[in-house]
Amino acid sequence: MNSCLRFSTILKPPILIREPNFIPRWNSKIFTLKRHSQNLSSCICYTSALQQDGVEVLYPDGTVEEHNAAFEVHEVASTRLTEEEAFEEETQNQNSSEKRRNVEERDNDSRFKLRNGREVFEEKAYLVGVARKGDTDDSFGIEESLSELAQLADTAGLLVVGSTYQKLAMPNPRTYIGSGKVAEIKSAIHAFDVETVIFDDELSPGQLRNLEKNFGGDVRVCDRTALILDIFNQRAATREAALQVSLAQLEYQLPRLTRMWTHLERQAGGQVKGMGEKQIEVDKRILRTQIGALKKEIESVRMHRKQYRNRRTSVPVPVVSLVGYTNAGKSTLLNRLTGADVLAEDKLFATLDPTTRRVQMKNGKEFLLSDTVGFIQKLPTTLVAAFRATLEEISESSLLVHVVDISHPLAEQQIEAVDKVLSELDASSIPMLMVWNKVDKASDREKIMMEAKENDVVCISALTGEGLEEFCNAVQERLKDMMVWVEALIPFDKGELLSTIHRVGMVEKTEYAENGTLVRAHVPLRFARLLTPMRQMLELWEGHQCADGLFRKRLWGGTFREVHNGKYL
Ligand SMILES: Nc1nc2c(ncn2[C@@H]2O[C@H](COP(=O)(O)OP(=O)(O)OP(=O)(O)O)[C@@H](O)[C@H]2O)c(=O)[nH]1
Ligand SMILES: [Mg+2]
């Protein structure tokens with residue numbers, strides 16, 4: 001006969017003991033949990049679970065308590081079972097454990113979500129922010145910043161279960177937040193089964209380590225920077241983007257390496273600190289070598305891009321770059337104007353790689369429109385530096401179009417954040433056209449339209465197509481402002497140059513002469529350089545020395561004016 005334990009009562013409602021990978025076994029016992037001699041409630045516990053420290057008891061009303069010394073655990077009874085009873089008990093236990101496993105599996109299965117074409121496990125995340133006392137009203141408020149962090153977490157495939165913030169004059173150098181807040185978050189971790197705690201600001205390596213120690217267990221602590229790097233990592237679809245993200249991640253990891261080696265110190269009771277330190281040095285060296293190799297590879301990508309851009313400038317169509325806050329609608333605008341098929345979705349950082357397409361206007365004019373990665377407040381500097389190859393596309397364009405989601409409550413702050421990144425990229429001096437997008441969604445539409453008129457801003461809806469013709473005209477006008485005035489004589493055998501002038505420039509007048517076509521037009525500076533020989537031909541053709549020794553210049557319409565030392569008389 002099997003020796004089995006018999007339980008005196010089956011207690012209801014059942015209370016779950018939460019233990020990772022815990023599978024109830026048939027030889028479980030029934031205990032009553034008592035605290036301070038007062039019966040809390042009876043529950044089913046498991047020997048193995050109770051033997052561990054820090055076991056949590058989840059009550060049916062959702063409250064959670066940690067099993068510790070405050071509990072007295074009483075075994076209610078244990079008797080021997082007959083073989084039949086034991087069999088029945090075993091079957092019942094197996095059934096219920098199977099049910100439990102199924103529920104757990106279903107729970108886990110439902111947390112696998114498809115993100116950016118990849119299946120990710122939706123970890124439970126808790127968000128933490130700090131409002132600095134003295135922050136100006138025009139900056140992102142803590143609640144808005146946390147709601148943006150929640151959007152980032154969602155984009156990264158995390159399930160946000162709660163958030164909190166603290167107002168501080170200065171962040172705590174050890175734990176970033178105060179000890180009371182740390183304790184509060186610890187309770188939330190237990191209550192919501194949190195797996196990741198995300199801080200809205202960049203944490204120092206020491207703060208990360210201390211927080212992880214404080215929160216204990218398997219809770220992962222990370223900051224906004226790590227989250228953004230993670231999103232970029234998930235979204236990097238091309239080799240160039242992948243290289244740049246890897247570089248940014250390694251640069252971010254380098255000062256944080258110590259975290260990985262603390263377990264050595266712990267294992268040895270802190271006595272072989274040197275052992276961990278040596279290993280850190282070795283690892284830092286490995287990381288630095290990897291960083292060096294990546295930088296070299298990125299440099300070759302950068303050179304390749306540059307060559308491609310140079311080839312493109314030989315066809316002198318002006319390049320207009322779309323810049324703006326992430327999710328402003330840049331890719332939607334590019335798609336709408338060019339029929340491109342760039343991914344545009346209600347997620348942050350949908351675009352990482354630049355896409356350039358030709359925009360053909362109704363009047364036959366054209367320009368190249370380039371869409372690239374969006375910006376965000378507190379954009380990690382490592383990321384800006386690593387994405388220099390991609391972002392050079394912006395700094396080398398003729399015109400920037402700053403796309404703003406005007407329906408966003410923090411549109412003004414977003415504009416400032418974009419301007420800040422542009423100045424980091426030394427792109428502030430490039431002429432810019434401001435475009436307010438999503439006017440279809442804006443609540444105070446009339447007011448916005450009025451303000452736009454006063455500030456020389458174009459209002460559009462990339463989604464509905466409203467204002468797009470006005471947008472193209474405005475781009476054309478801005479490009480014209482940047483063009484130079486040329487008069488040239490284009491030989492008849494260079495007909496393709498003439499059609500390019502019509503395409504990229506603003507032609508005022510053409511006239512046929514005996515050895516070519518006379519053109520007066522505004523053309524992009526780069527193109528004007530290409531026309532230099534033809535401008536000289538015109539000079540030669542126009543100016544001729546007369547018998548009196550003076551040069552006379554043939555003017556448009558066939559009249560001549562006298563020229564002396566290059567000046568009209
Ligand atoms: N209502 C409305 N929604 C728009 C408009 N333009 C874009 N959207 C939506 O805004 C979301 C973001 O659009 P995207 O074009 O991906 O934005 P983006 O600026 O390229 O974003 P990133 O690539 O993340 O920098 C999508 O869900 C679009 O459908 C608009 O004019 N009106
Ligand atoms: Mg985009």
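## Ligand shell

Around ligand 1 there are 23 residues, and the closest are G329, S331, A344, T351 and G374; a residue belongs here if its C-beta atom, placed from the backbone, lies within 6 Å of the molecule. Helix α10 (residues 330-338) contributes the most to this shell, with 3 residues. By type, the shell holds 7 nonpolar, 10 polar and 6 charged residues. Ala, Val, Leu, Ile, Met, Phe, Trp, Tyr, Cys and Pro count as nonpolar, Asp, Glu, Lys and Arg as charged, and the others, Gly among them, as polar.

## Model and confidence

This is a predicted model, in which local features need pLDDT of at least 70 and side-chain atom pairs count only at pLDDT 80 or more, while totals for chains, interfaces and linings use all residues. Residues are numbered from 1 along each chain as its sequence is written, and chains are lettered from A and ligands numbered from 1 in the order in which they are written.

The model has ipTM 0.99 and pTM 0.69. The mean pLDDT (the predictor's confidence in each residue, from 0 to 100) of the protein is 75, with 67% of its residues at 70 or more. For residues 1-81 the pLDDT is below 50, and this stretch has 111 contacts beyond near neighbours in sequence; two residues are in contact if their C-beta atoms, placed from the backbone, lie within 7 Å. Residues 261-268 also have pLDDT below 50, with 10 contacts beyond near neighbours in sequence. Where pLDDT is low, the predicted coordinates should not be read in detail.

## Overall fold

The protein contains 18 helices and 25 strands, taken as DSSP runs (H or I, at least four residues, for helices; E, at least two, for strands) and numbered from the N terminus. Of its 569 residues, 28% are buried, that is, with 20 or more other C-beta atoms, placed from the backbone, within 10 Å of their own. Among contacts between residues at least 6 apart in sequence, 66% join residues at least 24 apart.

## Helices α3 and α6

Helix α3 (residues 142-156) packs against helix α6 (residues 224-235) at an angle of about 35°, their axes 9 Å apart. Axes are lines fitted to C-alpha atoms over the stretch in contact, and angles run from 0 to 180 degrees between N-to-C directions. L149, L152, A153, T155 and A156 of α3 meet R224, L227, I228, D230, I231 and Q234 of α6. These residues divide into 7 nonpolar, 2 polar and 2 charged.

## V130

V130 lies in strand β9 (residues 124-132) and is buried because 22 other C-beta atoms lie within 10 Å. Leaving aside neighbours within four places in sequence, V130 contacts Y165, Q166, L168, P171, Y176, I177 and D201.

Key. A residue is buried if 20 or more other C-beta atoms lie within 10 Å of its own, exposed if 12 or fewer, and partly exposed in between; C-beta atoms are placed from the backbone.
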